[in-house]
Amino acid sequence: MKVVPLGSRLLIKPYEEEKRTSGGIVLPDAAKEKQMTAKVIAVGEKVEDIDVKENDKVLYSKYSGTEIKIDDEDYIIIDQDDILAKIEG
Amino acid sequence: MKVVPLGSRLLIKPYEEEKRTSGGIVLPDAAKEKQMTAKVIAVGEKVEDIDVKENDKVLYSKYSGTEIKIDDEDYIIIDQDDILAKIEG
Amino acid sequence: MKVVPLGSRLLIKPYEEEKRTSGGIVLPDAAKEKQMTAKVIAVGEKVEDIDVKENDKVLYSKYSGTEIKIDDEDYIIIDQDDILAKIEG
Amino acid sequence: MKVVPLGSRLLIKPYEEEKRTSGGIVLPDAAKEKQMTAKVIAVGEKVEDIDVKENDKVLYSKYSGTEIKIDDEDYIIIDQDDILAKIEG
Amino acid sequence: MKVVPLGSRLLIKPYEEEKRTSGGIVLPDAAKEKQMTAKVIAVGEKVEDIDVKENDKVLYSKYSGTEIKIDDEDYIIIDQDDILAKIEG
Amino acid sequence: MKVVPLGSRLLIKPYEEEKRTSGGIVLPDAAKEKQMTAKVIAVGEKVEDIDVKENDKVLYSKYSGTEIKIDDEDYIIIDQDDILAKIEG
Amino acid sequence: MKVVPLGSRLLIKPYEEEKRTSGGIVLPDAAKEKQMTAKVIAVGEKVEDIDVKENDKVLYSKYSGTEIKIDDEDYIIIDQDDILAKIEG
């Protein structure tokens with residue numbers, strides 16, 4: 001199954017290095033911040049304001065976009081305006 | 001009876017694989033998420049920002065659009081801006 | 001008396017198949033939904049985004065437009081943006 | 001004294017067929033609805049979206065515009081967007 | 001001292017025929033309405049939507065603009081959009 | 001140290017004729033009104049809607065802009081839209 | 001690791017001359033104001049309204065932008081509209 005983002009949207013996959021504990025244990029801030037980085041999976045045809053491509057690592061705006069599940073993995077469909085920066089190196 | 005969406009709207013038919021129980025039993029999250037996928041039935045003449053056509057399977061934004069009933073089946077009339085992605089394969 | 005909608009507005013006449021009971025009896029959902037269909041009576045000169053003409057049957061957005069009474073019958077003056085779809089056949 | 005509406009505004013005079021009782025007696029709905037019709041007294045120079053002229057009878061949107069008194073009579077200065085329809089015949 | 005309104009603003013001087021009582025006595029409506037008329041003192045260079053000039057008597061929208069005091073007299077700096085009409089004769 | 005306002009902003013210095021008392025004593029209205037006049041210190045490159053230059057005395061909109069301190073003196077960085085008028089003479 | 005701001009955003013690094021005390025001690029106003037100055041680290045490709053470049057010292061609007069941590073140091077990704085002024089000398 002392939003999800004093709006439409007218009008000015010992108011499909012991104014948040015990095016999951018940190019573990020979310022299921023019993024309600026609060027993680028330190030450092031761990032939570034990691035959740036704002038994601039890998040670009042697909043770029044919509046009308047994404048013209050930002051220069052990103054597949055596999056780029058990006059920083060995105062918290063609480064933006066729509067979370068979806070593909071093959072039991074978490075992804076986000078997000079507008080180009082909510083991608084803040086590209087992370088290189 | 002045929003419903004022709006006007007302007008930048010589409011007529012979509014949500015997939016109904018999951019069963020809604022009538023006695024108030026809450027379904028698991030996985031089932032509820034399915035409700036955000038739909039088949040495109042008709043595309044308005046001014047839909048220009050997204051590239052979808054009849055029979056495409058799409059992902060749409062929850063709580064958007066207007067629910068209608070045609071021949072006792074549920075459909076949604078929805079603006080192109082609320083179609084998030086196309087699902088292929 | 002003739003009412004000519006101005007700008008991008010239309011004059012529509014809601015279908016009244018269902019009966020509203022005066023004693024406060026609640027009608028089933030199916031009946032209420034019918035109220036969202038209307039016949040187009042007149043089209044304003046600046047209606048350009050949607051392709052409808054007199055006598056078309058349309059679906060309109062609930063709670064939109066302004067209700068008026070002409071010769072004791074109910075009509076709605078409504079903007080083209082609130083006409084969702086055309087119903088054919 | 002002459003009031004010349006500016007920009008995209010019109011000066012209209014609501015029809016006053018119904019009587020407002022001063023002692024707090026509520027009038028039937030039919031009477032209240034009449035208050036939404038008015039005669040066009042003057043049309044601002046930038047009124048371009050609607051086709052109305054002096055002496056036209058129009059239907060206007062309730063609660064819009066600014067009420068003013070000229071020679072002890074009630075008038076409304078109202079934007080063209082709040083004129084819904086022209087009434088003919 | 002001369003105050004030159006900037007952009008699309010005007011400097012107007014409200015007519016002060018009515019007296020405001022300092023002890024909290026409420027004035028009749030007729031008196032209060034007069035406060036919405038003003039004389040145009042100066043017109044900003046970008047006032048292009050309305051056709052008014054110095055010394056014109058205008059009707060302005062209540063609660064709009066910024067009240068200022070010049071040589072102990074009250075004036076208002078107001079945007080052209082809040083000037084409703086010109087009063088002639 | 002020099003502060004260069006960016007875009008459509010200006011750097012202004014409010015006149016300080018009136019004294020603010022540090023012990024919470026309320027000043028009369030006349031004194032407070034003075035705070036709305038300022039001298040223009042610098043004009044951003046994209047200030048195009050209003051015709052002001054360095055050393056002009058202007059009237060600005062209360063509560064707008066961002067207060068900053070340069071060499072222990074109070075300044076305001078303010079958008080051109082919040083400069084109401086120029087004061088001459 | 002390099003963070004490249006996208007669109008009309010910049011990456012800035014707030015100056016940290018003042019010390020934030022961890023035990024809840026409130027710092028004087030002068031110290032807090034310093035936090036509104038930052039060094040420009042990187043400028044997005046669509047930053048066109050303001051004239052700033054790497055290493056410029058800028059004044060930015062409080063509470064705007066998104067705080068991020070790079071190699072354990074605090075940075076802000078901020079839109080060009082929230083950069084108020086450039087500080088020279």
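1. An open sheet is formed by 7 strands in the order β1(B)-β7(C)-β4(C)-β3(C)-β2(C)-β6(C)-β5(C), with antiparallel pairing. Strands here are DSSP runs of E of at least two residues, numbered from the N terminus, and two strands pair if DSSP finds at least two bridges between them. At the edges stand β1 (2-5) of chain B and β5 (66-70) of chain C; each has a single partner strand, so one side of each is left without a neighbour in the sheet. On average, neighbouring strands of this sheet are turned by 40° against each other, direction ignored; the axes are lines fitted to C-alpha atoms, and angles run from 0 to 180 degrees between N-to-C directions.

2. On provenance, this is a predicted model, in which local features need pLDDT of at least 70 and side-chain atom pairs count only at pLDDT 80 or more, while totals for chains, interfaces and linings use all residues. Residues are numbered from 1 along each chain as its sequence is written, chains are lettered from A and ligands numbered from 1 in the order in which they are written, and side-chain values use heavy atoms, with hydrogens and water left out.

3. Within chain C, strand β3 (residues 37-43) and strand β4 (residues 57-60) pair in the antiparallel sense over 3 bridges. In this pairing, T37(C) stands opposite L59(C) of β4(C).

4. Between chains A and B, 14 residues of chain A are in contact with 16 residues of chain B (heavy atoms within 4.5 Å). The two chains bury about 1,200 Å² between them, 58% of it on carbon and sulfur atoms; buried area is the accessible area (1.4 Å probe) lost when two parts are put together, summed over both. In chain A, the residues losing the most area to chain B are V4(A), L6(A) and R9(A), together 40% of what that side buries.

5. The count of salt bridges between chain A and chain B is 2, a salt bridge being a side-chain nitrogen of Lys or Arg within 4 Å of a carboxyl oxygen of Asp or Glu. One salt bridge links the side chains of K2(A) and E88(B) (3.9 Å, N to O). On the side of chain A that touches chain B, β1 (2-5) and β5 (66-70) of chain A each supply at least two residues. The most is given by β1(A), with 4 residues.
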